[in-house]
Amino acid sequence: MLQTQQPVLQRFWYPVMYSRELVEQPKAIRFFGQDVVLWRAEEGRPAAVIDRCMHRTARLSLGWVDKGQLRCRYHGWAYGANGACLAVPQVGGRPPAGQPRLPAFHCQERLGYIWLCKGEPLHPFPHIPEAEDPGFRLVHEFIETWQCSSLRVLENVFDMAHINYVHLGTFGVAGQDTPPKLDIEEFEGGFHMKAHFEVANPDDQKRNLGIPGERTTRTLDKTWYLPFGRRMRITYPNGVVQVIMNWAVPMDDDRTLMVQFALRNDTEADVPAEEVIAWDRKVTLEDKVVLETTEWDTPLEPVRERHMPADRPSLIMRRRLKALLEAHGESERTRIQSNFYEQGPVASVPTSPGSQAGMDSTASEVSPAGVDVEALEGRPTRIAS
Ligand code: FES
Ligand SMILES: [Fe+2]
C-alpha cells in the first residue's frame with residue numbers, strides 16, 4: 001500500500017509535534033506526502049494548511065505570524081486558519097477575488113501534542129483512560145523519523161513472535177519460541193488484544209519496575225486504533241502499570257513519524273522519567289533497525305508475503321485496512337507486481353486443521369487466489385494457540 005495515496009487514511013487524528021514546539025514561528029512538517037505548515041492562529045489555537053502560497057508557491061513556513069494570520073515571506077499575503085487568503089497588501093489589503101483557499105487541516109491540541117486530521121474525522125479522538133487518571137503521570141518519550149511504512153510499525157507493535165529474537169538485548173528470552181495465546185476482539189475503530197507472557201528483567205528494568213528477579217511477567221491489554229495508533233497497557237506482578245502509546249504517522253510512502261509517550265502509575269521519585277525513556281528507547285531502537293530494512297510498500301493482499309499463526313493481528317489489520325479503503329471507494333495503490341520472496345506464481349497457504357498455516361506451502365499448491373485469510377486469522381478458533 002502506498003500510504004500517501006490512500007486519502008481515507010488522512011481522516012484520522014495523528015500527533016505531529018509537541019505543543020511546546022509551536023510558538024511564535026510557523027513550523028513545517030511532512031504529512032502524507034505533503035508539505036504542511038502549522039502556526040498559532042487566533043487565541044493561540046493551532047492551525048495547519050498546505051505549505052505553499054497560492055500566489056507564487058513560496059513556502060509559507062518561511063513567513064511569520066501577524067495577529068493570528070500567517071503571512072507569506074515573499075509578498076506578504078495573509079492567510080487564516082481555514083486556509084482562506086484574507087489580504088493582499090499590494091491591493092490595499094483586500095483578499096483576492098473569489099475567496100480562494102488553501103487546503104486546510106483540522107487541528108487540536110491534546111496531551112501535549114498537536115494533532116492533525118484532513119477532512120471530517122471518521123472516528124472520535126481515542127479514549128485513553130489513563131490520560132484522565134490522576135494516578136498516572138505522562139512521560140513524553142520521543143518523536144522521530146523511521147525509514148519504513150506506518151503499517152510495518154503497527155504490525156510490529158502487535159507482533160508477539162519477534163520479541164524473543166529482536167529484543168534479546170532487553171526483555172526477550174532466548175529459546176522461548178512459542179508465542180503467547182492472543183485474545184483478540186474487534187470493534188469498529190480497531191481491535192483489543194490481550195496476552196500474558198514471561199520476559200527477561202535485566203538490571204535497568206529491575207530498578208524501573210522495582211522487581212528483583214531475572215524474569216518477570218507482563219499482562220498485556222492492547223488496543224489498535226485504525227489505522228496507525230496503539231495503546232499498550234502492561235501490568236507487572238507488583239502492580240506497576242505502564243501504558244505505551246504509539247502513533248506511526250505517514251510522512252511519505254517510505255517514511256514514518258514515530259511518536260511515543262507513556263503513562264505510568266508510579267512517580268518521578270520512584271523512577272525518573274529519563275530512566276523510563278532510556279529503557280523504552282533501547283527497546284524501540286531494536287525494532288527500528290529491523291523495520292528499516294523491510295519493504296515499505298507494505299501489501300494488504302495476504303498473497304504477497306508468507307504468514308504464520310502468530311501473524312493474526314497483522315492479518316486482521318490488513319483485512320480491516322482493505323475494507324476501510326473499499327468502504328470509501330478506494331482500492332489498494334501499490335507498485336508491487338509480484339511476491340517479494342520469490343519470482344513466479346503466488347503460492348497458496350495450506351489450510352488443513354493440522355497444518356502450520358502459511359509456513360510450508362509447496363509448488364503443488366500454487367494458486368494466485370489460494371490464500372485462506374480466515375484460516376490464517378484463526379477465526380473462530382484455529383490460531384488462538
Ligand atoms: S508567493 Fe506568497 S505572497 Fe507572493
Ligand atoms: Fe519490538
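Start by selecting residues 69-71, which are strand 6: strand 5 joins it through 3 bridges, and the two run antiparallel. Strands here are DSSP runs of E at least two residues long, helices are runs of H or I of at least four, and both are numbered from the N terminus. Two strands count as paired if DSSP finds at least two bridges between them. Zoom in on valine 65, whose bridge partner in strand 6 is leucine 70.

A quick word on what you're looking at. This is a predicted model, where local features need pLDDT of at least 70 and side-chain atom pairs count only at pLDDT 80 or more, while totals for chains, interfaces and linings use all residues. Residues are numbered from 1 along each chain as its sequence is written, with chains lettered from A and ligands numbered from 1 in the order in which they are written.

Now widen the selection to the open sheet of 4 strands, in the order 5-6-7-8 with antiparallel pairing. Strand 5 (64-66) and strand 8 (85-87) are at the edges with a single partner strand each, so one side of each has no neighbour in the sheet.

Next, pick strand 9, residues 104-110, which is joined to strand 4 (residues 46-50) by 2 bridges in an antiparallel run. Strand 9 also pairs with strand 10 (residues 113-117), antiparallel again, over 5 bridges. Look for histidine 106 opposite cysteine 117. In the hairpin of these two strands, 2 residues lie between them, and leucine 111 has a positive phi near 55°.

Which residue in strand 9 stands opposite alanine 48? That's phenylalanine 105. Leaving out residues up to four places away in sequence, Ala48 touches Val36, Val37, Leu38, Ala104, Phe105, Cys107 and Leu116 (contact means C-beta atoms, placed from the backbone, within 7 Å).

Ala48 also belongs to the largest nonpolar core, where it, Leu154 and Val249 touch the most other members out of 63 residues. Helix 5 gives this core its largest share, 5 residues. Such a core is a set of buried Ala, Val, Leu, Ile, Met, Phe, Trp, Tyr and Cys residues joined through C-beta atoms within 7 Å; buried means 20 or more other C-beta atoms within 10 Å of a residue's own.

Last stop: helix 5, residues 312-327. Its buried residues include Arg312, Leu315, Ile316, Leu321 and Leu325.

Technical notes: The expected span of a helix is 1.5 Å times one less than its number of residues. A residue is buried if 20 or more other C-beta atoms lie within 10 Å of its own, exposed if 12 or fewer, and partly exposed in between; C-beta atoms are placed from the backbone. Two residues are in contact if their C-beta atoms, placed from the backbone, lie within 7 Å.
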